[in-house]
Amino acid sequence: MHQRQKPSTPQHRRGLAADGGALSMLRNDSRSFFHFSQLVLSAGQIKPSPALKHSKITYFEVEILDVQSKKQICIVDKVPPASTLLDVKHKFHKACPQWYPSRVGLQLERNGPFLKDSVSIQSLAVSSIITLYFTDLGQQVGWTTFFLTEYTGPLLIYLLFYIRLSTIYDQAESRKNFRHPVVHLACFCHCLHYIRHLLETLFVHKFSEGHTPLKNMIKGCAFYWGFTSWIAYYINHPRYTPPSFGHRQVSYAALAFLMCEAGNHFINVALAHQTNSGNKTCFPSPTYNPFTWLFLLVSCPNYTYEAGSWISFTVMTQTLPVGIFAFLMVIQMSLWAQKKHKLYLKRFYPEVQRKAAMIPIIF
Amino acid sequence: RRRKGPGALATGYLVIYNVVMTAGWLVIAVGLVRAYLAKGSYHSLYYSIEKPLKFFQTGALLEILHCALGIVPSSVVLTAFQVMSRVFLTWAVTHSVKEVQAEDSVLLFVVAWTITEIIRYSFYTFSLLNHLPYLIKWARYTLFIVLYPMGVSGELLTIYAALPFVRQSGLYSISLPNKYNFSFDYYTFLILVMISYIPIFPQLYFHMLHQRRKVLSHTEEHRKSE
């Protein structure tokens, strides 16, 4: 299956239109005043079309083979050398509409790495025909969709448990038991956490154009929604036992939680600010805002604050399932922080060397 | 990418490990036969081989370590899963719920495990020494057709038999209210374990059948070409 493309660059097109237009008007003997005035006006603007320099542009042809069967799927031809892999993917999508660009994985060799979209065709070319192997990366979702789904679920699920649906809890017990104020506070904090995440996803974070496989979204949602159900069940249970140290434990933990939430928010804003201003050349610096001072000690303070939020929530509710969830989150975030820290070490070596990845001094 | 095989020291250690395990399961097999001959019936034979069974089945935990260290080219997760399910059945069901120890289903899975493990460990021993008799290879990839369903049936029947006793005694279960707001119902957990056999067993069984076709047909070709 060949993809025939009209060989037209923008300038070429404009030149042709101007020429053609004037000629047809002269030929057609302007019938109305409008046409006559157009003719007069356009006459002055006609420039002799510059002799088109027919430079030798070697167009490439990209042959796309299926990675498993090695059969040819299609040939994308007339690929200008200045184009990137993304342009090739778009052309491929026009030829085979079911493979949209974010789903297409192209490799130079059968077991090689997937090529980035920004790679230029010129750099790949050994001859005028380039052979690439195609893998279907599966159904993809955008990052915004991913995060919105992942965070809306827990918000709604927790509220379902909070209102004590009759199918979950025994109605007789639910009605007679007095609800300790910490249960209401926990619901407020939990909702605050996820509403903040949702608002940040919509208004603060600037996601790159990337996508992620649908499988990842299903796994992430299963984890978050599953754990939220589990912890909400115990906190809102009629037989919930409030914390051992009473009001003091609850108030201090709630205060710590709110501070960590604020901290996380300000760090996210600072990071988004940096991406916006395009100033990726230096490590984010602390400002007058005391929450950003953690940048001095730690390279990924957003993970520090998030871990802090969940640990405070655990102490506030004194519920083992929340503790297990917080433990797993801390492990996951430590792994992310370590990866990011390594990246920072490569990019901003001198400043970042003294800092820890997530926990000040320790790690 | 070919994974680097174990070095000489690791191979020596693995040979010793596999020989010890083969010997151990042979002890269990002999113990079963002797107890049967002494008692005259096949009921309640578990008590005669209780200690060696626990010892050698728990010893299989070392195999997870072998995978993690890379001296055995298997997936850590898969091996951990298989070994943990065996250890779970040995300790958390048969040992913990004393009333099921007299059941016949226990004999069913013990016999299946014994025969399978003797063949498996001798297979590994001979493979490591590069002198694998065809009989052992054939046995490993053929007898499972009968032994695997036999073992699974024994395990499921045992767990099923344990259920009422777990319910009655509240074994390993915590209920609300408590200081840490946590609850665990071992009875429900056992039911979930039983249900999990439904998707897992066919997958493993057909995987082994597939392996059988690959390994035994490959050997046939090799023999014909000689």
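**Exercise 1. Find which residues His237(A) is in contact with, leaving aside its neighbours within four places in sequence.**

Solution. Start with the cut-off: contact means heavy atoms within 4.5 Å. With neighbours within four places in sequence left aside, His237(A) is in contact with Arg164(A), Tyr169(A) and, over in chain B, Leu176(B).

His237(A) sits in the loop between α8 and α9 (246-276) of chain A; helices here are DSSP runs of H or I with at least four residues, strands are runs of E with at least two, and both are numbered from the N terminus.

Last, is His237(A) buried or exposed? His237(A) counts as buried because its relative accessibility is 7%, and buried means under 20% relative accessible area, with exposed over 50% and partly exposed in between (1.4 Å probe, protein chains only).

A word on the model: it is a predicted one, so local features need pLDDT of at least 70 and side-chain atom pairs count only at pLDDT 80 or more, while totals for chains, interfaces and linings use all residues. Residues are numbered from 1 along each chain as its sequence is written, chains are lettered from A in the order in which they are written, and side-chain values use heavy atoms, leaving out hydrogens and water.

**Exercise 2. Work out what chain A brings to its interface with chain B.**

Solution. First, the head count: 12 residues of chain A touch 8 residues of chain B.

Then the area. The two chains bury about 910 Å² between them, 57% of it on carbon and sulfur atoms; buried area is the accessible area (1.4 Å probe) that two parts lose on being put together, summed over both. On the chain A side, Tyr234(A), Arg239(A) and Gln318(A) lose the most, together 50% of what that side buries.

Now the polar side of things. The count is 7 residue pairs in polar contact, both at pLDDT 80 or more. A polar contact is a pair of N or O atoms within 3.5 Å; within protein, one must be able to donate a hydrogen and the other to accept it, and residues adjacent in sequence count only if both atoms are side-chain atoms.

Finally, the elements: α8 (214-235) and α11 (320-347) of chain A each supply at least two residues of the side touching chain B.

**Exercise 3. Describe how chain B is built.**

Solution. Chain B has 8 helices and 0 strands. Its C-alpha atoms fill a box of roughly 70 × 50 × 35 Å along the principal axes. Of its 226 residues, 40% are buried.
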